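Trainee: I would like to learn how to read a model feature by feature, taking the general idea before the particular case. Could we go through one together?

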Amino acid sequence: MTTHERPYDVIVAGLGAMGSATVYALTRGQGHSRRVLGIDRFSPPHSLGSSHGRTRIIREAYFEHPTYVPIVRRAFDLWHELEVTTGRTLYTRTRGLTLGAEDGMLARGARESAEQFDVPHRVLSAAEVTREFPGLEPTGEMVGVLEDRAGVLFPEDCIAAMLGVAERSGAELRRNEIVVAWEETGNGVVVKTTAGEYRAARLVIAGGAWMPQLVPELAGTLAVERQPIHWFVPSSDSDYYSAARCPVTLWEYARDRTFYTLPDFGDGLKAAVHYEGQSVDPDHVNRASSPDEAARIAELLRCFMPKAEWQLRESSVCLYTNTPDLHFIIDRHPSHAGRVVVVSACSGHGFKFAAAIGEIAADLVTDATPRFDLDMFRMTRFQLRA
Ligand SMILES: Cc1cc2nc3c(=O)[nH]c(=O)nc-3n(C[C@H](O)[C@H](O)[C@H](O)COP(=O)(O)OP(=O)(O)OC[C@H]3O[C@@H](n4cnc5c(N)ncnc54)[C@H](O)[C@@H]3O)c2cc1C
């Protein structure tokens, strides 16, 4: 066991979406002046947490709550800046459609956010949706909220880009090293890993599905949910479903029940049910998807995207880390407020915000004033374990 005597300014535990964005934000524009250490139990980007599967939806007419709209706007800017810095394509615009009953959670929520923040959008009847996107056939009572800037992020590339820039700016990254414990000391924090012990002035914890192990106060509050995802190849008229012709789409196919589809980028149309998965322990997840799980999605595609026969090409399993109200946790740790910041319980919809959440975490941990109202994301809104 090695003890590293020279303290870091900040240690970031977990280098998935939120952690990689945090080390990126902490080193951005700092030259090599800030000493930052990032640690991950695997080698990100990897496929064992919540940030794999090649694509993520980014959208602005946010049905979940209007509070997210300014944050996703900042994220759009930061993703673009990262693309310019690295010369990589991290985002592709496809447009976005939120479909469901007019008074349902999705269509109503998307409309409210769009109206409150002047997000350019159009509300389409089911027939208008099919006219504009012939591959989509919502039922007669559905309406669609169509937004222009929505599209797809490439999560593995985003994480690799953020970690690459951070490393070039002086961050030290340790991969395949597990944080097993941390404690606040008189003048900082000590972080113990499977390889050594590190000291820092401050700590950011971004452990995704493993958050309850790193922040035991959250055990019993957070639920980790197994989420199968599937890629289907359309057997005919595939062009209806290509990224050039088909928007990312959220479907409220029954009251409060959602599935989503992302267009074909050459590897098939991606589709999954949102929530409704099994609660799991992240250390013991069945990573194989069952034929029944794929059949359920195929049935939804046959119903709402019937212009093709759908052949299953690939499945994967990913993890959501849900809070009881499905909003995020982005906060100073209530018992270690001067030293420790907690991010990364993003309830299955966090990736699009990662660049902005990393910046917020960096603000919180360096005592800068956060640029957004974070009231909704406080840890103490839940009954924490003593
Ligand atoms: C199937 C699926 C589809 C999704 N679709 C979308 C979408 O379309 N749009 C969207 O915005 N969001 C989407 N999300 C949600 C989004 O991807 C997640 O909210 C986000 O990726 C979570 O990031 P994270 O940093 O919290 O977790 P992760 O990216 O999983 O990072 C956590 C990291 O912590 C590390 N770690 C854990 N414990 C330790 C430890 N003890 N020591 C060291 N390292 C540790 C892990 O190895 C991991 O790398 C989706 C999620 C899933 C699963």
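Trainee: Which residues line the largest cavity?

Mentor: Keep in mind throughout that this is a predicted model. The general idea is that rolling a probe the size of a water molecule over the atoms shows where empty space is left. In this case the lining of the largest cavity is made up of Arg-59, Gly-96, Leu-97, Thr-98, Glu-147, Val-248, Thr-249 and Leu-250, and strand E5 (96-101) and strand E14 each supply at least two residues of that lining. The space inside the largest cavity comes to about 30 Å³, and the count of cavities of 30 Å³ or more is 1.

Trainee: Are Trp-251 and Phe-304 buried or exposed?

Mentor: Both Trp-251 and Phe-304 are buried. Elsewhere, Tyr-62, Tyr-68, Phe-328, Phe-353 and Phe-377 form one aromatic cluster. Rings can also be read for charges over their faces: Arg-35 lies over the face of Tyr-8, at 4.2 Å from the ring centre, and Arg-149 lies over the face of Phe-76, at 3.9 Å from the ring centre.

Trainee: How should I read a strand within its sheet, and which strands pair with E16?

Mentor: Begin with the partners and their direction, and then look at single bridges. Strand E13 (residues 223-234) pairs with E16 in the antiparallel sense over 3 bridges, with His-230 standing opposite Ala-271 of E16. Strand E15 (residues 257-262) also pairs with E16 in the antiparallel sense, over 5 bridges, and here Tyr-260 has Ala-272 as its bridge partner. E15 and E16 form a hairpin with 6 residues between them, and Gly-266 in the turn has a positive phi of about 105°. As for burial, 6 of the 6 residues of strand E16 (residues 269-274) are buried, so this strand is largely enclosed by the rest of the structure.

Trainee: How many disulfides does the structure hold?

Mentor: The general idea is that a disulfide is a covalent bond between the sulfur atoms of two cysteines. This structure holds 0 disulfides. Cys-346 is in no disulfide, and the nearest cysteine sulfur, that of Cys-318, is 12 Å away, whereas a disulfide would need the two sulfur atoms within 2.5 Å. Cys-346 counts as buried at 12% relative accessibility, and Cys-318 is buried too, with a relative accessible area of 5%.

Trainee: What about a residue in a loop: where is Leu-90 placed?

Mentor: Leu-90 is in the loop between helix H2 (68-86) and strand E4 (91-93).

Conventions
Residues are numbered from 1 along each chain as its sequence is written. This is a predicted model: local features need pLDDT of at least 70, side-chain atom pairs count only at pLDDT 80 or more; totals for chains, interfaces and linings use all residues. Side-chain values use heavy atoms; hydrogens and water are left out. Buried means under 20% relative accessible area, exposed over 50%, partly exposed in between (1.4 Å probe, protein chains only). Rings of Phe, Tyr and Trp (its six-membered ring) pair if their centres lie within 6.5 Å; planes under 30 degrees apart count as stacked, over 60 as edge-to-face and the rest as tilted. A charge sits over a ring if NZ of Lys or CZ of Arg is within 6 Å of the ring centre and within 35 degrees of the ring normal. Helices (H or I, at least four residues) and strands (E, at least two) are DSSP runs, numbered from the N terminus. Two strands pair if DSSP finds at least two bridges between them. On a 1 Å grid over the protein atoms alone, a cavity is a set of points where a 1.4 Å probe fits but cannot get out, and a pocket is an open set with protein on both sides within 12 Å along at least five of seven lines; lining residues have an atom within 4 Å of a point. Grid points are joined across faces, edges and corners, and a volume is the space filled by probe spheres set on the points.
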